[in-house]
Amino acid sequence: MKTCLIVDDSRVIRKVSRHILETLGFAVEEAENGQAALDACAAAMPDVVLLDWNMPVMTGIEFLVQLRARPGGDTPKVVFCTTENDVAHIREAIQAGADEYVMKPFDHETLQIKLQLVGFA
């Protein structure tokens, strides 16, 4: 079964994302910040990471840089999910190792398309 780690400090976003991902056949884990996400990845590397930008403890960019530096950290497909939509933010995310980018709020169809673009869903 495909696995996805949802990394977002908003419980509502995690709940909505979980519902969408489970209907797409994913086993889902959640983390409320980047440090908790790194811990989850150390325990079991997911196939896909749905990643928020602005979080306490560790931002999405900080998490992504650390994830990509770890053994096996180049494997998960990372989709940034954020309200930051300017070109500079998108470029920073891609340069840090993101595979795709989706704007909040997103719906089932939008997330499914982004997951298809990275080879899942």
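Lys-114 is buried, with a relative accessible area of 19%; the cut-off for buried is under 20%. The model described here is predicted.

**Lys-114**

- Lys-114 sits in helix 5.
- The side chain of Lys-114 makes a polar contact of 3.1 Å with the side chain of Glu-100.
- Leaving aside residues up to four places away in sequence, Lys-114 touches Val-79, Glu-100, Tyr-101 and Val-102.

**Helix 5**

- Helix 5 spans residues 108-117, and its buried residues are Leu-111, Lys-114 and Leu-115.
- Viewed down the helix axis, these buried residues fall within an arc of 100°, so they line one face of helix 5.
- On the face turned away from the buried side, helix 5 carries the exposed residues Glu-109 and Leu-117.

**The cavity**

- Rolling a probe the size of a water molecule over the atoms shows where empty space is left.
- The structure contains 1 cavity of 30 Å³ or more.
- The volume of the largest cavity is about 40 Å³.
- Strand 1 (2-7), helix 1 and strand 3 are the elements that each give two or more residues to the lining of this largest cavity.
- The lining of the largest cavity consists of Ile-6, Val-7, Asp-8, Ile-13, Ser-17, Leu-50, Leu-51, Asp-52, Cys-81 and Phe-106.
- By class, 7 residues of the largest cavity's lining are nonpolar, 1 is polar and 2 are charged.

**The largest pocket**

- The largest pocket holds about 160 Å³ of space.
- Two or more residues of the largest pocket's lining come from each of strand 1, strand 2 and helix 2 (34-43).
- Strand 2 gives the largest share of this lining, with 4 residues.
- The residues around the largest pocket are Thr-3, Cys-4, Leu-5, Ala-27, Val-28, Glu-29, Glu-30, Ala-40, Cys-41, Ala-44, Met-45 and Pro-46.
- The lining of the largest pocket divides into 9 nonpolar residues, 1 polar residue and 2 charged residues.

Note on methods. Residues are numbered from 1 along each chain as its sequence is written. This is a predicted model: local features need pLDDT of at least 70, side-chain atom pairs count only at pLDDT 80 or more; totals for chains, interfaces and linings use all residues. Side-chain values use heavy atoms; hydrogens and water are left out. Buried means under 20% relative accessible area, exposed over 50%, partly exposed in between (1.4 Å probe, protein chains only). The arc is that of the directions from the helix axis to the C-beta atoms. On a 1 Å grid over the protein atoms alone, a cavity is a set of points where a 1.4 Å probe fits but cannot get out, and a pocket is an open set with protein on both sides within 12 Å along at least five of seven lines; lining residues have an atom within 4 Å of a point. Grid points are joined across faces, edges and corners, and a volume is the space filled by probe spheres set on the points. Ala, Val, Leu, Ile, Met, Phe, Trp, Tyr, Cys and Pro count as nonpolar, Asp, Glu, Lys and Arg as charged, and the others, Gly among them, as polar. A polar contact is a pair of N or O atoms within 3.5 Å; within protein, one must be able to donate a hydrogen and the other to accept it, and residues adjacent in sequence count only if both atoms are side-chain atoms. Contact means heavy atoms within 4.5 Å.
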